[in-house]
Amino acid sequence: MSPMSAELTILPVGAEALLVELGSRDRAAAAYRVARELVDRNPSAARDVVPAATTVLLDGVTDPGAVRAALTAEAVEAAMRRSDEMVTSTPVVIGVRYDGADLGAVAEAWECSVEDVVERHASTIFTVAFCGFAPGFGYCVGDPPLPVVPRRADPRPQVPAGSVALAAEYCGVYPRAMPGGWQLIGTTDVVLFDASRDRPALLVPATSIRFEPVR
C-alpha cells in the first residue's frame with residue numbers, strides 16, 4: 001500500500017452515508033472535488049457532499065460501490081495535481097473595515113505592524129475549505145497561507161455579526177452575533193447567511209474570496 005492510499009479510508013456511517021478520511025486538508029479538498037465531480041455526473045450517487053478539515057462525508061449514498069470506485073487514492077492524487085493548473089474563479093469580494101479589537105495582538109503574533117497585517121490580509125486570496133460552527137460560517141484558507149494566529153485565551157461571550165477574524169491558519173466571518181474566541185481584525189456589512197435567499201449561505205466550500213479595505 002502506497003503512502004497516499006494509507007491516508008485514504010472510507011467508512012460507513014449509518015445506512016446511507018460514507019465518511020472519507022484523508023489525513024490532511026489538501027487531500028480533503030481534492031477528495032471533495034472528486035466527489036463533487038461524481039455527483040455532477042451522477043446526481044443519484046449521493047444527496048450531499050460535506051467537506052471538513054481532513055474528511056469528506058457523502059450523505060444519501062445510493063450506490064456505495066460507485067463512490068468507492070471514484071474516490072480512490074489515485075483519483076485524489078490526480079485532483080491534487082490538477083488543482084495547480086485550475087483557473088481560479090472570480091472571487092467574492094467582501095468589504096472590510098479593519099477596525100478589529102485584536103489587530104494589535106495579531107500584529108504581535110506575526111511580529112509586524114498593524115498596517116502590515118491589513119496589507120497582507122487584503123492582498124491574500126482565500127478559499128473556503130469547509131463550513132461549520134454556525135450556518136454561513138466558512139473556514140477560509142489563504143493562498144499563500146497566512147501565519148498561524150492563536151485563539152484568544154478568553155473567548156468573548158458575544159462577537160458582533162460581520163466580524164472578520166483569524167484563528168490558527170483560518171480566516172472567518174461571523175454570520176451572526178455569537179460567542180467566539182477568534183482574533184477580531186475587522187467588520188463587514190455583507191450578509192453571510194439569509195434563509196430567504198435561493199442559496200442562503202454566501203460562502204460555500206471551494207468559494208474564492210478577496211477582502212477589500214473600505215472606510
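This is a predicted model: local features need pLDDT of at least 70, side-chain atom pairs count only at pLDDT 80 or more; totals for chains, interfaces and linings use all residues.

User: Which backbone oxygen does the side chain of T188 reach?
Analyst: The T188 side chain reaches the backbone oxygen of G95, at 2.7 Å.

User: And where does T188 lie? Is T188 buried or exposed?
Analyst: T188 is in the loop between β12 and β13. T188 counts as buried because its relative accessibility is 5%, and the cut-off for buried is under 20%.

User: Which residues does T188 touch, leaving out those up to four places away in sequence?
Analyst: T188 touches I94, G95, R97, G162, V164 and V173.

User: What about phi of F133?
Analyst: F133 is not a glycine, yet its phi is positive at about 75°. F133 is located in the loop between β6 (125–131) and β7.

User: Changing topic to peptide bonds: which one is cis?
Analyst: The bond from D143 to P144 is cis, with omega near 5°. P144 sits in the loop between β7 (138–143) and β8 (156–159).

User: Now S24. Where is S24 placed, and is S24 buried or exposed?
Analyst: S24 is in the loop between β2 (17–21) and α2 (25–41). Its relative accessibility is 19%, so S24 counts as buried; the limit is under 20%.

User: What does the side chain of S24 reach, and with what is S24 in contact?
Analyst: The S24 side chain reaches the backbone nitrogen of R27 at 3.2 Å. Apart from neighbours within four places in sequence, S24 is in contact with A53 and T54.

User: And T90, buried or exposed?
Analyst: T90 counts as exposed because its relative accessibility is 74%. T90 is found in the loop between α4 (73–83) and β5 (92–96). The C-alpha atoms of T90 and I209 are separated by 8.3 Å, although these residues are 119 residues apart along the chain.

User: Let us step back. How many helices and strands are there in the chain?
Analyst: The chain has 6 helices and 13 strands. Of the contacts with a separation of 6 or more, 60% are between residues 24 or more positions apart.

User: How does the radius of gyration agree with a compact globule?
Analyst: A compact globule of 215 residues would have a radius of gyration near 17 Å, and the chain has 18 Å, which agrees. Along the principal axes, the C-alpha atoms fill a box of roughly 50 × 40 × 35 Å.

User: Last, how far apart are the mean positions of the positive and negative charges?
Analyst: They are 3 Å apart, for 19 positive and 27 negative charges.

How values were computed. Residues are numbered from 1 along each chain as its sequence is written. Side-chain values use heavy atoms; hydrogens and water are left out. Helices (H or I, at least four residues) and strands (E, at least two) are DSSP runs, numbered from the N terminus. The radius of gyration is taken over C-alpha atoms; the globule rule is 2.2 Å times the number of residues to the power 0.38. Contact means heavy atoms within 4.5 Å. Lys and Arg count as positive and Asp and Glu as negative; His and the chain ends are not counted. The place of a charge is taken as NZ of Lys, CZ of Arg, CG of Asp or CD of Glu. Buried means under 20% relative accessible area, exposed over 50%, partly exposed in between (1.4 Å probe, protein chains only). A polar contact is a pair of N or O atoms within 3.5 Å; within protein, one must be able to donate a hydrogen and the other to accept it, and residues adjacent in sequence count only if both atoms are side-chain atoms.
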